[in-house]
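Reader: I've just opened this one and I'm a bit lost. Can we go through it together, one question at a time?

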Amino acid sequence: MNLHTLLLDVVHVAVLLLVPPFLLGVINKTKAAFAGRVGPPYLQPYYDLVKLWRKGSVFSTSTSWVFKAGPVVGFATAVLAGLLLPVAGHAPLSFEGDAILFAYLFALGRFFTVAAALDTGSAFEGMGSAREATFSSLAEPALFFGLLVLGRLARSLSLEVMLTGGHWPPRSAASLVLVMAALFIVLLAENSRIPFDDPNTHLELTMIHEVMVLDHGGPALGTILYGASLKLFIFAALVVGIALPDLGNPWMSLGALLTGVLAVAVAIGVVESLMARLRLVHVPSLLIAACLLSGFGIVLLAR
Amino acid sequence: MQIVADPLLVVLLLVNFFMLGTSRLRALINGSAAQGVLLALLVVAVHGEVTLQAALIALATIALKSIVIPSMLTRALRDAAIHREIEPVIGFVPSLLLGGLGTGLSVVFARTLPLAPEHVGSLLVPASLATAFTGFLLLATRRKAITQVVGYLALENGVFVMGLTLVEAMPLLVETGVLLDLVVAIFVMGIIIEHISREFSSIDTTRLSSLKE
Amino acid sequence: MALALVIVPLAFAAAAAAMPWQKWRPWLLPACGAVHLAMTIAALGRPEVSAIGGWLKLDALGRLVLALVSVLFFACSLYAPGYLALRAERSNRVFVPCLLFFLAMNSLIVEAQHLGLMWVAIEATTLASAPLIHYNHHARSIEATWKYLLIGSVGIALALFGTFFLAYAALRAGLGTSLFFPDLVREAPRLSRPWLHSAFVLLFVGYGTKMGLAPMHTWKPDAYGEAPGIVGTLLAGALTSCAFLALLRFFQIVSAAGEAAFARQLMIGIGLLSMAVGGVFMARQRDYKRMLAYSSVEHMGILVLGVGIGGLGVFGSLLHLVNNAITKGVLFLSAGNIHRAYGSKSTEDVRGALRRLPFSGALFLAGFFAATGSPPFAPFLSEFTIVRAAMTSGHAIVGGLFLLMLAIVFIGMGGAVLAVVQGEPPAEGPSGYHDRLGTIAPILLLMAIVLFLGVYVPAPLVALVQKAATFVEVKP
Amino acid sequence: MSEVLAVCACALAALSGLPGLFSSRNGRAGERMACSLIAVAGIAGVSAAVLAFVAPSPEGISLRWAVPGGALQVRVDGLSAIFLGQIFFISILGAIYGLGYWPQAAHRENGRKLRLFYGLLTAGIGLLIIAGNSVLFLVGWEVMALAAFLTVTTEDEKPEVRQAGYLYLCTTRAGTLCLFALFALLFGATGRMDFDTHGVDAGGPVGTAIFLLALAGFGLKAGLMPLHIWLPPAHASAPTHVSALMSGVLIKTGIYALARVAAGFEHPPLWWGGMLLSLGTASAVLGVAFAIGQHDVKRLLAYHSVENIGIMCMGLGLALIGRASGHPDLVLLGLAGALLHVWNHGLFKALLFLGAGSVIHGTGTREMDRLGGLLKRMPGTALLFLVGAVAICGLPPLNGFVSELLVYLGLYRGAAARDGRWWIATSFAAPALALVGALALACFAKAFGAIFLGEPRSEDADLAHEAPRTMLGPMIALAACCVLIGLAPALVAPALDSAAAAWGVSTPLTAAAPLGKITLAAVLLLAALGFTAAALVSRIRGSRAAPTWDCGYAAPTARMQYTSSSFAQMLVGLFAFALRPREHAPRLVGPFPAAATYHGEVPDAVLDRILLPFVRATANAFESLRFIQRGNVQAYLGYILLTLVLLLVWK
């Protein structure tokens, strides 16, 4: 391990921990722009996180340590997943099969988030957790189909190779476009964005992710929000990574990736401004469509 | 010998038809007794001469099949106070037709069996088959226990006729054993009939159908 | 010795008939059983056992069946005093002599080397067993006895017919007066084919009736269902084995004549049919004793099927003859105990036998596992051998059907057996019967044999079966 | 050496329950004796397995055995050792657990019987795994089946237990009969009574028949969909430590035997692997889908066994595909994944069953909708159950993840292959496995949530008590193993290599899979968790407690909680096409509808909608044949006449 790699790793961790809340700011700005408002500052999410971290907290008497474990696991798994993803053309932790670990880390986070919600004994949070578990199980195959297309093209199951390989054969372009589309849908679903979920709504009956954290407050809620922004960043980086060619220079890669991620944030903002939230019963259809898209990506490879 | 035996066999076949056609039980028993006499005569006829063995068998046959068993059956008939086979499974006319068919088939079937030189042209084998068939028919189509015993007797008579072809081959001991077994069988059947008529106050076997499936 | 095997039981039978003491008469059974067993063992030890100038002779097949009959009778005779003590209200003056006479006739069948003599002995068993089936003297037992007697006698008459046909075939071949089996086998190639075929069909149907092969099996459920367990055991274990022996003797002649293929087809067809009938009637069977009878039909099917397959199948079939007989002993005797305790044969009334009668219930269950061919019980080995024979001799479809029938039988029989042994027993019945040494130890003995033969087949037995199989499968 | 040990272990286990039969009904001596004997047997068995890895003796022991076709042929190679170690390890733990769960003092009627058959069950499984001769194998197989039946029906006074037992008995017999045919065919093809299939033409009719029979016979035991019908009721009815043994070990014998028979075929047709892979995938997806719909925690766990068996079959199928297409790396990854999953599933499924047993012990019910809030009342059980739940979902850093990763790696290798078109099949299996993982997660989130989290839904749950140490101890051991394998999978690699040798694979697993990196990732994950937890805990120290907010609802009660049924409703609806759930939903009318109840259940679709109707129709058809025997002696005589005439005409 040379110094340059070490530097890159440090930068990787720094980017991973510092950039994500900014994306939320970008999304909110975009939406504000569409609505003709000024909107909150770009750095508003950071202020929110700091504020939450400073607050005191109240815990329900029904809850146990599992309730507190939810935010912890959700955040820690997101961080570790971030380490598997190449940000500057290189991932700090990389091995054959880390793409599976990547997916399963989020699953681990989900398990504890759902458990934490159920720990409150609240009907609303139970509802949210049931929806979360249901929809994410539909999103999972779409993600894996996508990984599979990349894996076949890159002949590896390591995210680093898959996302920085870059020299795809031209006839795989169609597959990759399908996969990116599918993964963008997965991104929206996994990060509770419109059209799956509305992070701004206050009507608990219709919510998915947000309703699971109703009882969390203060530092715990802060950890959850921070973890969520991390997750958003990671998924955006995944989608962008597919599109980016191999630039050779890590710093250029980093710059390109960050630009791409910001573009995805803007795209999310645009989607949220232009679309309405789907009716709950239609959510599965959209996710199944995502599966079909990426599954079709495989079929196209078989030509 | 064939000259004597064949007419006797024809009479035997006629008795068969009589037994199939009659509804009176006493007549049936008489028919069976008549078959016994015919068989005894056949024994002598087939042997060609009156040997000691032939005489013994003939006498035993008459004694058992024409005297002991018929009288036993008649007594049972009297005890049960019935006279007729009322509702056979298959009516009398169809029985006769079936009997005719069976006799015809017996003749056809017997033709497929190559005979020893001394039996060529003889009616022994077809008559034996036909009598056995008649017995079987009585067994399978009559409801009264006594009729069934008579049917069994007829079946045995058919077998007996077949045995006549083998007079030289069968040792006396075995012949005796066969006859003895037959008597004991009829005797045991008689006892059971007695039990039946006491337990069910009838010897109609349609009552005997509580054991099924 | 050969004569003694027949005479001694006859003498015991006469003694029993003469004996005035109801209480002590049953003890003649174990005494005779022991003597007979001892004589059998002695006879098996000798290379040559014959009497009356070759009329009686123990050949390879005879040795096997004699051994099995003797062991089975011994176990039953041990059971008898305990059972008859429970039935003290009923005279055993006919029952005991008949049992002993039955044993004598079984020995005679096994040893008889003459076509006619064997027939006489088999007919005698029918007559001896009629009073045994009639033992309970109620309406149902009369009905069963009548049917048994009538159907059995008809079957036997057909067998006599077949015997005459065979004799005629011999006569025509110029064999003259000899109707001894060894002569017939030796001269078989010269027998007239049409007569031989017809004779075999008649004998097959005749002795098949005695054995209880479908569709001639109809007397079986009635007789086995109404007879006391001990009689059921002897009918299903000993008598059917003797009838099978008779069949095999004719099969031997037919195969010596080079006509085995014809006989085999018949045996495979009837074997499968018997298994199917057993399976069909065991499904949802509500009377567990009748169910055992259908199980017996099924096993008779297995026996002839094994012979029909030939080769290894004959070995398996003869081994199965032993295994089936002893297993049937376990089943019939334990079912008899259960019947005694509950006073009912219906699976609707009888529940929880494992609780009410821990030993009888467990033995009944174990007997069921054994009879359906579960390892490590002995019937598994023989059934598996038959399957192997089928699969290796180009009878794969027959083997498949065989296994299918076994599955159907298992499901049907399992339903009834489990209904009997499991669950909460109903309130104590009037009989007040409880398991006691006298009525359990003999079944345990039989079960031990079944288990033992399942994990270790002694070399003498293998040799006995092997010799018998070679003996049966004569090449022309 | 290891063979002798293994045989001794089996013998000891078989006899373990015997002394108890002669001891007093009330004393504890019998159960302690049985437990110690099992423990000794277990130690011998596990040592035999370890010995086989350390010093393999490929020859085994072969003695004459005086039964037709039999030989006392025993060998412990890598493949057997994997399973041998597992059975004895879990059997010891189950026996210890049984001391607390099924004490003689509380079960005077059936305690002794249960222990007798428990020992026999262990011995039967052990025997079939080391058997090299097919008769010996069948003996072990059936001893196992019968002993399992007798343990399942321990409480035969309950009708549902009797039904489950009967169903199990019939299905296991159907499987055994398939094996009769299988071994007979093998005997016909090779003239030998063992598993050696060399020389059998895999593509020919005999080879095809052997494969299909193996699939049916062993699949029935393993519980491969749609042959799983016996499994949920049997697992639910057995005493829980027996369920653990059955689910953890017994059903794996099907996998063992499948792997053993397939090992002999050097060049299987491609469709074998494809079929096994598809069946495995279907089994995994549908198994977990059925699990989600269950209310009974033991039935839920049982359906997860179907799922996990599916995953193992996917691995085996992959290995077969690898063989057929000449990709040794697929063989290695598929086989190692399947076998490691065998171990893993044994560990976490036993752990979960024992956990469920503790819950039943503590509350007296297995209905999840009557439980809740047990985490506070049974903290130890809850934590251990959680470990099992995370492990079974295949989540890092526990053991389930490792084996699933191996299977994924194999599937991806297959998907990346450039020869032929079969890669498409494997590439559809991987996302299916992902779906399975996600559904399992939903299912265990539901189970854990409904049982341990929130507020108790019934008085039983409210008054629950923690399990005694004899019950917690075995669970701790199982959980520790789950963690150990999850953190350091390289430890088990030599064992898997040794097992893969039975399939002729010589590449070490460490060369094909990043086992070391998994450890690194797991440690990093733990570190991240620890750091985050420490930070959060330091911030929230001294926080206040209050009732659940629940959006300001004033009077929250336990009945308002989401139940397991409501949690599952949406997923069950999505899979309704396969699950065919039954719902009794009330119609709510007007602004203030009257009190109403909702009830939904997911019965086994294969059993209820296909098999039982078929069986009923067959039995009815049989019943309609009863007219043959109507008690009419004339008809009986007629049959004889007819037969005679027909035969005389025919001949």
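Reader: What share of the 651 residues in chain D is buried?

Author: Keep in mind that this is a predicted model. A residue counts as buried if 20 or more other C-beta atoms lie within 10 Å of its own. Among the 651 residues of chain D, the buried share is 64%.

Reader: How many helices and strands does chain D have, and what is its radius of gyration?

Author: Chain D has 27 helices and five strands. Its C-alpha atoms fill a box of roughly 95 × 70 × 60 Å along the principal axes. The globule rule gives 26 Å for 651 residues, and chain D comes close to that, so it is as compact as a globular protein of that length, with a radius of gyration of 26 Å.

Reader: In chain D, what percentage of the contacts between residues at least 6 apart join residues at least 24 apart?

Author: Contacts here are pairs whose C-beta atoms lie within 7 Å. Take the ones in chain D between residues at least 6 apart in sequence; the part joining residues at least 24 apart is 80%.

Reader: How are helix α3 and helix α4 of chain D oriented towards each other?

Author: Helix α3 (residues 29–54) and helix α4 (residues 78–101) of chain D pack with their axes 8 Å apart, at an angle of about 160 degrees. Angles over 145 degrees fall in one class, so α3(D) and α4(D) are roughly antiparallel.

Reader: What is the handedness of that crossing of α3(D) and α4(D), and which residue classes make up the contact?

Author: α3(D) passes α4(D) in a left-handed crossing. Sorted by class, their contact has one charged residue, five polar ones and 19 nonpolar ones.

Reader: Over to chain C: what is its radius of gyration?

Author: Chain C holds 19 helices and two strands, and its C-alpha trace spans about 70 × 55 × 40 Å along the principal axes. For 476 residues the globule rule gives 23 Å, and chain C is close to this, so it is as compact as a globular protein of that length; its radius of gyration is 21 Å.

Reader: And what percentage of the residues of chain C count as buried?

Author: Let's start with contacts in chain C that have a separation of 6 or more: residues 24 or more positions apart account for 82% of them. As for burial, of the 476 residues of chain C the buried part is 73%.

Reader: How do α12(C) and α17(C) run relative to each other?

Author: Helix α12 (residues 288–309) and helix α17 (residues 396–421) of chain C have axes 11 Å apart and pack at an angle of about 165 degrees. Their crossing is left-handed. With that angle, α12(C) and α17(C) are roughly antiparallel.

Reader: Which chains have the most contacts between them?

Author: Some chains don't touch: no contact joins chain A and chain B, whose closest C-alpha atoms lie 55 Å apart. Nor does any contact join chain A and chain C, where the closest C-alpha atoms lie 41 Å apart. Of the four pairs of chains that touch, the one with the most contacts is A and D.

Reader: Which element gives the most to the side of chain D that touches chain A?

Author: There, 62 residues of chain D are in contact with 67 residues of chain A. The side of chain D divides into 45 nonpolar, ten polar and seven charged residues. Elements giving two or more residues include α17 (399–415), α18 (423–452) and α23 (515–540) of chain D. The one that gives the most, with 14 residues, is α18(D).

Reader: Is Ser62(A) buried or exposed?

Author: Ser62(A) sits in the loop between β1 (58–60) and α4 (65–84) of chain A. Leaving aside neighbours within four places in sequence, its contacts include Thr120(A) and, from chain D, Glu455(D) and Thr548(D). Ser62(A) has 24 C-beta neighbours inside 10 Å, so it counts as buried.

Reader: Last one: which helix supplies the largest share of the side of chain B that touches chain C?

Author: This contact takes 35 residues from chain B and 35 residues from chain C. On the chain B side, α5 (124–141), α6 (145–164) and α7 (172–200) each supply at least two residues. The largest share, 13 residues, comes from α7(B).

How values were computed:
Residues numbered from 1 in each chain as written. Chains lettered and ligands numbered in written order. Predicted model: local features only at pLDDT ≥ 70, side-chain atom pairs only at ≥ 80, totals over all residues. Axes fitted to C-alpha atoms, helices over the stretch in contact; angles between N-to-C directions. Helix = DSSP H or I, 4+ residues; strand = E, 2+ residues; numbered from the N terminus. Parallel < 35°, antiparallel > 145°, perpendicular 65-115°, else oblique. Left-handed = near helix turned anticlockwise from the far one by under 90°. Nonpolar A, V, L, I, M, F, W, Y, C, P; charged D, E, K, R; others polar. Buried ≥ 20, exposed ≤ 12 C-beta atoms within 10 Å, placed from the backbone. Contact = placed C-beta atoms within 7 Å. Rg over C-alpha atoms; globule rule 2.2 N^0.38 Å.
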